[in-house]
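Please read them with the coordinates open.

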Amino acid sequence: MITLANSNSDWNVLKPLLIQSIGQTLTMVLITLVVGGFLGLILGVVLYGTRPGNLFENAVVYRILDVIVNIVRPIPFIIFLAAMQPLTIVVVGTSIGTVAAIFPMVVMCTFATSRLVEQNLVPVDPGMIEAARSMGASKFTIIRTVLIPEALAPLILAYAFLFIGVLDMSAMAGYIGGGGLGNFAIAYGYQKFDQTVTWTAVIIMIILVQVVQGIANAIAKRLLKRQQ
């Protein structure tokens with residue numbers, strides 16, 4: 001008879017695998033957030049800036065980028081992994097492993113971030129931007145000294161929210177041998193009917209999210225106090 005919980009988990013074997021999985025997850029998430037988050041910030045600023053009436057208004061560019069983002073963002077990541085496989089092989093040289101998982105994660109993160117950035121820049125007071133323009137500030141200077149600083153607190157919270165999505169993507173990356181906590185939970189927990197292993201991975205993910213969200217909340221709160 002197969003039981004749903006295995007009380008005989010061999011943690012002498014599982015512990016090093018768990019530590020390795022945590023390292024793989026953190027590697028995938030951090031690289032994706034840094035690279036995809038930065039590229040998404042640039043794309044988001046371009047989306048915002050090319051909107052009608054903004055810094056470098058361009059309806060054609062905005063419409064093209066808007067359509068591309070709207071096409072990519074709703075694709076379930078597990079399907080996106082499969083669809084990106086040929087391009088991943090061209091760029092990375094393989095479609096299996098942690099590095100192969102990071103590439104599609106970065107691409108998806110870029111598009112997801114761009115929309116979050118755009119949405120958090122829209123509420124910035126246009127009067128502040130006009131004031132900076134009237135004083136002769138360049139468009140790049142306005143973005144760097146007015147636009148981003150004014151939206152920094154909500155952007156930090158948006159990136160904390162993005163962390164959860166990227167962590168979720170890293171779990172699904174286990175299906176292409178990307179490793180990480182998702183793969184650990186499936187291979188050593190779910191497939192071996194060991195709920196202890198599965199929930200260990202789940203709890204670690206929950207802790208990671210809580211830590212990141214707590215730090216983001218504290219930073220955003222401090223920034224909002226300074227702006228008041």
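**Notes on the helix packing and the pocket**

1. The axes of α5 and α8 cross at roughly 155° and come within 10 Å. The model is a predicted one. Angles over 145 degrees count as roughly antiparallel, so α5 is roughly antiparallel to α8. The crossing of this pair is right-handed.

2. Which residues make the contact of α5 and α8? From α5 come M105, M108, C109, A112, T113, L116, V117 and N120. From α8 come P154, L155, A158, Y159, F161, L162, V166, M169 and S170. By class, the contact has 14 nonpolar and 3 polar residues.

3. The crossing of α2 and α5 is left-handed.

4. What does each helix bring to the contact of α2 and α5? α2 brings Y62, D66, I68, V69, N70 and V72. They meet M108, F111, S114, R115 and E118 of α5. By class, this contact of α2 with α5 has 6 nonpolar, 2 polar and 3 charged residues. M108 of α5 deserves a look: this residue is in the contact with α2 and also in the contact with α8.

5. Next, the pocket. The largest pocket has a volume of about 310 Å³. Its lining is made up of 15 residues. Nearest its centre lie M108, A112, L162, G165 and M169. Of these, M108, A112, L162 and M169 also take part in the contact of α5 and α8.

6. Which helices supply at least two residues each to the lining of the largest pocket? They are α5 (98-121) and α8 (152-172). α8 gives the most, with 7 residues. By class, the lining has 12 nonpolar, 1 polar and 2 charged residues.

7. Last, the chain as a whole. The secondary structure comes to 10 helices and 0 strands. Read along the sequence, the pattern is α-α-α-α-α-α-α-α-α-α. The C-alpha trace spans about 75 × 45 × 25 Å along its principal axes.

Note on methods. Residues are numbered from 1 along each chain as its sequence is written. This is a predicted model: local features need pLDDT of at least 70, side-chain atom pairs count only at pLDDT 80 or more; totals for chains, interfaces and linings use all residues. Side-chain values use heavy atoms; hydrogens and water are left out. On a 1 Å grid over the protein atoms alone, a cavity is a set of points where a 1.4 Å probe fits but cannot get out, and a pocket is an open set with protein on both sides within 12 Å along at least five of seven lines; lining residues have an atom within 4 Å of a point. Grid points are joined across faces, edges and corners, and a volume is the space filled by probe spheres set on the points. Helices (H or I, at least four residues) and strands (E, at least two) are DSSP runs, numbered from the N terminus. Ala, Val, Leu, Ile, Met, Phe, Trp, Tyr, Cys and Pro count as nonpolar, Asp, Glu, Lys and Arg as charged, and the others, Gly among them, as polar. A crossing is left-handed if the near helix is turned anticlockwise from the far one by less than a right angle, and right-handed if clockwise. Contact means heavy atoms within 4.5 Å. Axes are lines fitted to C-alpha atoms, for helices over the stretch in contact, and angles run from 0 to 180 degrees between N-to-C directions. Angles under 35 degrees count as roughly parallel, over 145 as roughly antiparallel, 65 to 115 as roughly perpendicular and the rest as oblique.
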